[in-house]
Amino acid sequence: MRYVTAGESHGPCLTAIVSDVPAGIKISEANLNADMARRQAGYGRGDRMIIEKDTARITGGVRFGRTLGSPVSFVVENRDWRNWTDRMAVFDAPPADLQREVTPRPGHADLVGVMKTNSDDCRDILERASARETAARVAASGIPREFLAELGVEITSYVISIGPAAMRNADLAKAASYSPLSIESSPVRCPDEEAAEAMMRAIDRAKSQGESLGGVFRVVVTGLVPGLGGYEQANSRLTSRLGGALFSIPAMKGVEFGLGFEAARRPGSEVHDPIVLEGGAFARTSNNAGGLEGGMTTGAPLVITVAMKPIPTLMTPLGTVNLDTLEPVEASKERSDTCAVPAAAVVAESEVAFVLADAYQEKFGGDAMADIKASLAAYRERLRTISR
Ligand SMILES: Cc1cc2nc3c(=O)[nH]c(=O)nc-3n(C[C@H](O)[C@H](O)[C@H](O)COP(=O)(O)O)c2cc1C
Ligand SMILES: C=C(O[C@@H]1CC(C(=O)O)=C[C@@H](OP(=O)(O)O)[C@H]1O)C(=O)O
């Protein structure tokens, strides 16, 4: 399963197309739009989110609530477009009073983008480098999410820290223990209420100082079968596929699997997960590996921790150089989020969903849900017999 997106942040809409979709996946409009809403929300978002009310409209590939096996296409309207029709016109000439963006923001794609493309207006770059594009990714992820749900796989995420404010106990052993309600009812998507309060105060402080904040979140996947992915080639390993997918999200600067960097500080006996038989099936007494060994799922929860850098647009801007005058000036300060870590975690769920759906199709077949389910059942039965 693959996706491609098109569309600018302030253009008419975003478009996504998902290809290699099996026939027979049940698609729920309510689930799709619930995920769109989760991505939009989060304490610390900017005023753009007051304008938008994201929903995904399916324009191909689904009939009577089921995938047909053809590509699925989505449209997400940009409500803000009506305020940009002249500055983002497809064919009209630029308006006479057009203000080009010539003060590139450190940390965004502005400067390197204009250097690379020979543009004289950072807007040519930022319109697409904007994380608005992630709305289309979450729309597209409706397909792998429903596919995985039918196979018994659940994906969640929660925020561990924002700036200096952190959960008191973010131990790996507790990673899969938080209820969706405790996460989604928190304005920062953090199940620890006291930490969530501290995170919101940190965002308030940052905003009042013209600052921005990043943070750390975790994606947890349960219900996975062992043996997805592979060890044979660089691009078989789920570790590399998941890492690549997560680093495709703007502003992601670190990805840890299981214990991650902590594993490098401990001796082997305190890292690797002992193998035992439990009720006739192979099991582990811990999950420090975070559900991956040798580039394959072990069957334990997949636990991935991701670091996001602070938002580059600052209301107290850093120094930059004016592209026209070459004078030192302050970087542009436009409407912006102060912190988008809760939203980024939902985007990360979507990326993980695509990689895992692809791995299931690779192992169990790609074109019809009924055949995939039968093949998965036969595999589970074989594993049950091995461990007897
Ligand atoms: C959900 C989300 C929302 C974001 N919102 C903003 C924003 O409002 N303003 C901004 O300057 N950057 C925002 N960013 C970050 C930029 O998109 C990102 O920093 C930029 O593309 C450069 O990151 P990179 O160097 O990792 O590619 C957001 C990122 C995500 C994932
Ligand atoms: C629109 C979204 O995020 C945007 C990501 C973004 C950036 O520079 O990445 C800048 C802001 O957009 P604007 O410049 O219109 O205020 C965010 O609101 C969204 O997530 O839907």
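Arg 45 sits in the loop that runs between H1 and helix H2 (48–51). The model is a predicted one. Arg 45 is partly exposed, because 19 other C-beta atoms lie within 10 Å, and a residue counts as buried at 20 or more. Leaving out residues up to four places away in sequence, Arg 45 touches Asp 337, Ala 340 and Ala 343.

Arg 39 belongs to helix H1 (residues 29–40). With 24 other C-beta atoms within 10 Å, Arg 39 is buried. Neighbours within four places in sequence aside, Arg 39 is in contact with Thr 134, Ala 135, Val 138, Ala 343, Val 346 and Val 347. An unreviewed UniProt entry lists Arg 39 and Arg 45 under "binding site".

## Further annotated positions

UniProt, again in an unreviewed entry, places the feature "binding site" at Arg 128, Ala 129, Ser 130, Gly 294, Lys 309, Pro 310, Ile 311, Pro 312, Thr 313 and Arg 335. These positions span 208 residues in sequence, and their farthest two C-alpha atoms are 44.7 Å apart, so they do not all gather at one spot.

Two of the listed positions can be described in more detail. Gly 294 is in the loop between strand S13 (292–293) and strand S14 (296–297), and is partly exposed, with 14 other C-beta atoms within 10 Å. Thr 313 is in the loop between strand S15 (302–308) and strand S16 (319–321). Although in a loop, Thr 313 is buried, with 22 other C-beta atoms within 10 Å. Not counting residues up to four places away in sequence, Thr 313 touches Arg 105, His 108, Lys 333, Glu 334 and Ser 336.

## The four-stranded sheet

One open sheet has 4 strands in the order S1-S2-S6-S3, paired antiparallel. Its edges are strand S1 (2–6) and strand S3 (57–60), each of which pairs on one side only. From one strand to the next, the twist averages 25°.

S3 and strand S6 (residues 72–77) run antiparallel and are joined by 3 bridges. Gly 60 stands opposite Ser 73 in S6.

A second open sheet, of 5 strands, has the order S8-S7-S9-S15-S10 and antiparallel pairing. Strand S8 (165–166) and S10 are the edge strands, each pairing on one side only. Strand S7 (residues 154–162) is joined to S8 by 2 bridges, and the two run antiparallel. Ile 162 stands opposite Ala 165 in S8.

H10 lies across S7, strand S9 (215–222) and S15, and runs at about 145° to S7. In helix H9 (residues 238–247), the residues Leu 238, Arg 241, Leu 242, Ala 245 and Leu 246 are buried. Because they cover an arc of only 125° around the axis, they are on the same side of H9. The buried residues of H9 pack against strand S10 (252–257), S13, S14, S15 and H10.

In soluble globular proteins, nonpolar side chains tend to be buried together. The largest nonpolar core here has 85 residues, of which Ala 139, Ile 162, Met 199, Val 352 and Leu 356 touch the most other members. Helix H10 (residues 341–364) gives the most to this core, with 16 residues.

Leu 356 touches Leu 148, Val 153, Val 221 and Leu 228, residues up to four places away in sequence not being counted.

## Positive phi in loops

Which values does phi take at Phe 64 and Asn 118? For Phe 64, phi is near 50°, a positive value in a residue other than glycine. Asn 118 is not a glycine either, and has a positive phi of about 65°.

Phe 64 is in the loop between strand S4 (62–63) and strand S5 (66–67). Asn 118 is found in the loop between helix H3 (110–117) and helix H4 (123–129). Phe 64 is exposed, with 7 other C-beta atoms within 10 Å. Asn 118 also counts as exposed, with 7 C-beta neighbours inside 10 Å.

Technical notes. Residues are numbered from 1 along each chain as its sequence is written. Chains are lettered from A and ligands numbered from 1 in the order in which they are written. This is a predicted model: local features need pLDDT of at least 70, side-chain atom pairs count only at pLDDT 80 or more; totals for chains, interfaces and linings use all residues. A nonpolar core is a set of buried Ala, Val, Leu, Ile, Met, Phe, Trp, Tyr and Cys residues joined through C-beta atoms within 7 Å. A residue is buried if 20 or more other C-beta atoms lie within 10 Å of its own, exposed if 12 or fewer, and partly exposed in between; C-beta atoms are placed from the backbone. Two residues are in contact if their C-beta atoms, placed from the backbone, lie within 7 Å. Two strands pair if DSSP finds at least two bridges between them. Axes are lines fitted to C-alpha atoms, for helices over the stretch in contact, and angles run from 0 to 180 degrees between N-to-C directions. UniProt positions are given in the numbering used here, feature names are shortened, and annotations may be inferred rather than shown by experiment. The arc is that of the directions from the helix axis to the C-beta atoms.
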